[in-house]
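Colleague: I am new to reading models like this one. Could you take me through it, feature by feature?

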Amino acid sequence: MKNPAYTFSMKSLSLAVAAGLFAQSGVALAQSEEEAIEEVVATGTRLKGTATAVMEERKNQAFVADIMGAEQISRTGDGDAASALRRVTGLTLVDGKFIYVRGLGERYSSTQLNGASVPSPDPTRNVIPLDLFPSGIIESLSVQKAFSPSMPASFGGGNVNVRLKSIPSQYIFNMSGSLGTNTNNFDDAYFYDGGSDDWMGKDDGTRAAPASILQQWNEFKFLDDLTQAESVEMFKGLHRDYDPYQAKVDPDTGFNMTLGNSHDIDDEWRWGYLVTTGYNNQWNVSEEYIGEQPLRDGEDSIRMVRFFDEVDTTEHSVKWSTLMSLGIDYNRQHQIDYSLIVLNDTRDQFREKVGNSANIQLVDDQRIREYEVLYEERRMYTNQLKGMHTFPSLGFMGVDWKYSLGRSSRNAPGNMEARFILTDENQDGVYDKVNESVLTNAQTAARYSFQALHDRVENYGFNVNYPVTMGRWEMEFKGGYDYVNKIRIAENRRLDVSTRAFADTSILQGNVYSDILTDDVLDSASYTSINLLRDTTIAGDDYIAAQLIDAYYFEADLFFDNTWRVSGGVRYEDFRQAVVPFDPRTNQIDLADDADRAQLQFMEDDFYPSIAVTYFMEEDMQLRVSFGQTVVRPDLREVSSATYIDPLTEFPIGGTPGIRTTKIANYDIRWEWYREAGNNLSVGLFYKDMDDPIESVQSPAQDGPPLVRIANAESGELYGIEIEFLQGLEVIGDGIWDNLFVSGNITLSDSEIELDRQNIVEQTGVSASITNLKRRLTGHSQYVLNTQLGYDSDNGEHSASLVYNVFGERIIIPGIDFFDDTYEAPFHSLDMVYKYYPDFNTTVTFKVQNILDDQQELEFENTLARSETKGTRLSLSYKYDF
């Protein structure tokens, strides 16, 4: 594939010409030592201290928000931001990566890192996968659920702000190590020979396309134009040793180190630093069932025409992260901070699948055997520079600014799949993979795919606030500007191996791909007129996308008599987006005419107002009411008609030119009671009225996974109630009850969208067979429940938490052809975390996750569509503070 740096600069420039295009929060120096001492006094216990600090921040927010601190994340034992956020009221986790806020999909939420926009390494989504952020570098997670003008206007369910650890007020140096496993990993699992650098999460070139093929692509010469002899030579350069073998699974390992300090230069100047780095190596073995193409046999009987009922999966993930922060402070009035964040997440998955299809059936004593390798490296590099300034001589006017430049990439250097046919020659019900297996004689006996994505986001802005006091009024006026420039480049190549190229198909006998297609076999084989290699890359596999936002806002925060608080204002956004598909065979823009070109440009500008009123009923009790108008725009690829594979669901997704923006009116009301020692209770109601919600529909008659299309529903609404609480159990009595607390939250909600069949057909050209024109939003759960029972010993040496999470069923695939929608069944997650503090410097942590050994299931009409075992994960870690 082409040189990424050269491609990035040249194609970025071409896009800008072709398309006509072209908050504040930060890493700061911590409090003074005097303030730190006061905080210790207020803390008391780990529970009360954590609850008090987090609840105080939430209480002081002008708009409805939920906040989760580092200690809370540590108590629940979650390893990354995505897993931790599922504990927040009304949030559910999808695919282990994306957060649904109040039942709205990831497109309805914006994500920021320290208040700044960041790039995403996901090729099919505009939002960043939150599993990229390990919990070890997180200071807190803030989820603002009511829109404020200082937030991005692309706001549906909420804004998630991942706030990383800040510079400490005193010397800190600690190291930790961990070991773990999963009950699914106890037996032998399937492996293949990867590269020598896999333990670092990096391919050493083993999987990459050979130089001979790269040269063809770089010269825009595709393999279909080769002679048979040239095609065979090209194939010899491809890696073929992906064959599975069984072996024992290694234990999970992890390591973390943190070093930081602050120093006074003199009475006015202070500087500090923080460096934290971590490494995690983890294995997951699972058994799956994959069903496709349902067929109705009679009124009450459904069977899958294509299915894999024996799926063994081994997934190896390697994550490493580094956070470096530097800061300088002058007189506690001016501070500048710089942060560098480097994240890597590599997934290496091998699947061995056995099943049947409409053509390969059990009645013919045949089965399909497939194996596939899915390997991807996701990386993100972000530089952030921030400043915060207070000017006492100007009435304590405050100015803060930010500059963030981030790059992310997704490199899938060589995914591969191969298909075999198993035959029960003895008709005894046993399918011998060794003696009765043959590489299928087909146009696609094997497939190689190579993918690369580069995302670049530049974000800068400033905020100015000015406090004013007049009699019983305390007021603050704020205004600011925000600029976001995002450019994405994606390249994809696919090669199919056609065994119909062989005149004598007897050479296909065997179950080991690399043994069947050896160099000796290739040299001695007789060939037909069909080429051994077919380039199945299609137009639209290469694309460039750009996004440009200029935003201005004004906001006022007014207190009256310490009884009423009115906050609100308006945001103006000028939004421009374009997606340009390229024909990989010509490197020319793949657009038929100017009309197609216009459809791929998306431009709008509008004002987005919001207002929030808080009534302080008592010193510890308040009532909030808010309203805001927001928007949700299509993701980068969703305005292009090209079909792509979602790497998470593995479903093909088809975009829709001309897709419309979703406009949302957001209403919130919440009563909050903040009691002594962190005990609290809140009850909230919410309602969202949506015009043209962007939704998923399914296209009929697909051979394989369902084709999902993006379309606009006519209207939609979402409403519900949220309840959150934390209570120490000392109210029951003395003794053990003094050491226990219970916390939790529950969200009960409902939603409905209305689809117009004619509009869907006009937009997508297909999907006339939609089953339910009225249904819930895709991904919406009618209930989400989180509970935690916690224990803290009197001597401070022991703490424990028992944490439970469950969500209601949610639509994953909308139904067609009179089949009902496919739902993800509730997943009951019960985890236990125990911490032992033998001395002031040492922490020993033991975690058990998914104690109930629940499994993930998709089903429709009481028919299983997919399932995957998760197992019970065990881990032990040791941390020492020097």
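Colleague: What is the mean pLDDT of the chain, and what share of its residues reach 70 or more?

Modeller: Start with confidence. This is a predicted model. The mean pLDDT of the chain is 85. A value of 70 or more is reached by 89% of the residues. One stretch needs care: over residues 2-45, pLDDT stays under 50. The model has 95 contacts for that stretch beyond four places in sequence.

Colleague: How many helices and strands are in the chain?

Modeller: Count 11 helices and 42 strands. The chain has 882 residues, and 56% of them count as buried.

Colleague: Now a sheet. In what order do the four strands of the open sheet run?

Modeller: Read across the strands. The order is β1-β5-β6-β4, and the pairing is mixed. At the edges are β1 (65-69) and β4 (109-113), each pairing on one side only. On average, neighbouring strands here are turned by 15 degrees against each other, direction ignored.

Colleague: In which sense do β4 and β6 pair, parallel or antiparallel?

Modeller: Parallel. Strand β6 covers residues 158-164, and five bridges join β6 and β4.

Colleague: On to helices. Which residues of α6 are buried?

Modeller: They are Ile213, Gln216 and Trp217. Look down the axis of α6: these buried residues fall within an arc of 95 degrees, so they line one face of the helix.

Colleague: What do the buried residues of α6 pack against?

Modeller: Their partners are α7, β17, β18 and β19. Now take α7, residues 228-236. Its buried residues are Gln228, Ser231, Val232, Met234, Phe235 and Lys236. These pack against α6 (211-218), α8 (513-516) and α9 (519-524), and also against β17 (446-470), β18 (473-497) and β19 (533-535).

Colleague: Where in the chain is Ser449, and is Ser449 buried or exposed?

Modeller: Ser449 sits in strand β17. Its relative accessible area is 13%, so it counts as buried, the cut-off being under 20%. Leaving out residues up to four places away in sequence, Ser449 touches Ala412, Pro413, Gly414, Asn415, Arg493 and Arg494.

Colleague: Where is Gln293 found?

Modeller: Gln293 is in strand β11, residues 269-296. With a relative accessible area of 23%, Gln293 is partly exposed.

Colleague: Which residue just after α6 takes a positive phi?

Modeller: Phe220 does, with a phi of about 55 degrees.

Colleague: And Asn562: where is its place?

Modeller: Asn562 lies in the loop between β20 (542-560) and β21 (564-583). Its phi is positive too, near 55 degrees.

Colleague: Is Asn562 buried or exposed?

Modeller: Exposed. Its relative accessibility is 60%, and the cut-off for exposed is over 50%.

Terms used: Residues are numbered from 1 along each chain as its sequence is written. This is a predicted model: local features need pLDDT of at least 70, side-chain atom pairs count only at pLDDT 80 or more; totals for chains, interfaces and linings use all residues. Side-chain values use heavy atoms; hydrogens and water are left out. Two strands pair if DSSP finds at least two bridges between them. Helices (H or I, at least four residues) and strands (E, at least two) are DSSP runs, numbered from the N terminus. Axes are lines fitted to C-alpha atoms, for helices over the stretch in contact, and angles run from 0 to 180 degrees between N-to-C directions. Buried means under 20% relative accessible area, exposed over 50%, partly exposed in between (1.4 Å probe, protein chains only). Contact means heavy atoms within 4.5 Å. pLDDT is the predictor's confidence in each residue, from 0 to 100. The arc is that of the directions from the helix axis to the C-beta atoms.
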